[in-house]
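Visitor: I'd like to go through the labels on this fold with you. Could you set each one against its definition as we go?

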Amino acid sequence: MQKLNQHIAQKLNKLHGKRLFVACSGGLDSICLTHLLFNLNFDLHIIHVNYQLRGINSDEDANFVEAFCEKLGIPFEKRTINLSAQLKDGGNLQEVARNYRYDWFNEILNENSDNVVLLAHHANDQVETFFLNLGRKSGVMGLSCMPEEHHRIYRPLLHYAKEDLLEYATNENIEWRE
């Protein structure tokens with residue numbers, strides 16, 4: 001998928017020389033983004049959150065991402081939070097998880113002005129966000145969905161569908177976790 005490589009190279013060229021922290025779950029989207037950036041010789045650091053929501057599968061996701069990084073020689077850092085314990089007194093799971101992630105992203109961004117966080121949201125995620133926000137009657141700002149770049153957080157895959165990432169992973173023989 002040369003088109004995807006060219007898009008990422010062109011879109012993120014200005015980030016060469018910066019330290020890129022890729023939020024990586026081990027799933028198709030974030031593994032593809034990591035693979036693309038690695039092949040384009042960016043200074044990568046992988047960050048992973050283990051929410052401990054799916055028992056051993058959560059730990060296996062973290063181990064998979066760590067092994068993937070080790071194989072490529074990419075620095076890896078993970079954080080673990082027991083979301084179930086956090087929600088004993090109530091709360092919204094998605095909101096608590098998002099707040100935890102973004103607090104970590106902000107720590108990373110505040111450590112050094114050259115740090116950048118990359119997320120692997122793609123076109124399908126953007127459509128889902130639009131309809132969720134429409135259902136919430138979010139207004140114009142909510143319907144504009146996720147920005148490609150905002151405060152050193154980048155989403156370079158927003159123009160590509162999940163099917164494009166699947167094709168890329170298949171062509172590159174990339175493994176990921178569902």
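Guide: Gladly! The crossing of α2 and α8 is left-handed, a label used if the near helix is turned anticlockwise from the far one by less than a right angle, with right-handed used if clockwise. This is a predicted model, where local features need pLDDT of at least 70, side-chain atom pairs count only at pLDDT 80 or more, and totals for chains, interfaces and linings use all residues. Residues are numbered from 1 along each chain as its sequence is written, and side-chain values use heavy atoms, with hydrogens and water left out.

Visitor: What makes α2 and α8 oblique to each other?

Guide: The axes of α2 (residues 28–39) and α8 (residues 162–171) cross at roughly 60 degrees and come within 10 Å. Angles under 35 degrees count as roughly parallel, over 145 as roughly antiparallel, 65 to 115 as roughly perpendicular and the rest as oblique. The pair is therefore oblique. Axes here are lines fitted to C-alpha atoms, for helices over the stretch in contact, and angles run from 0 to 180 degrees between N-to-C directions.

Visitor: Which residues of α2 and α8 meet?

Guide: From α2, Leu-28, Asp-29, Cys-32, His-35, Leu-36 and Asn-39 meet Lys-162, Leu-165, Leu-166, Tyr-168 and Ala-169 of α8; contact means heavy atoms within 4.5 Å. Helix α2 also lies across β1, β2 and β4 (115–118), running at about 160 degrees to β1.

Visitor: How do you know that β1 and β2 pair?

Guide: Two strands pair if DSSP finds at least two bridges between them. Strands β1 (residues 19–23) and β2 have five bridges, in the parallel sense, and Ala-23 has Ile-47 of β2 as its bridge partner. On to β3 (residues 76–80): β2 pairs with this strand in the parallel sense too, over five bridges, and Ile-47 stands opposite Glu-77.

Visitor: What makes β2 mostly covered?

Guide: Seven of the eight residues in β2 (residues 43–50) are buried, meaning under 20% relative accessible area, with exposed over 50% and partly exposed in between (1.4 Å probe, protein chains only).

Visitor: Why are β3 and β5 said to stand at the edges?

Guide: The open sheet has six strands in the order β3-β2-β1-β4-β6-β5, with mixed pairing. β3 and β5 (149–150) each have a single partner strand, so one side of each is left without a neighbour in the sheet. For β5, antiparallel pairing with β6 (residues 153–154) runs over two bridges, and Glu-149 has Tyr-154 as its bridge partner in β6.

How values were computed. Helix = DSSP H or I, 4+ residues; strand = E, 2+ residues; numbered from the N terminus.
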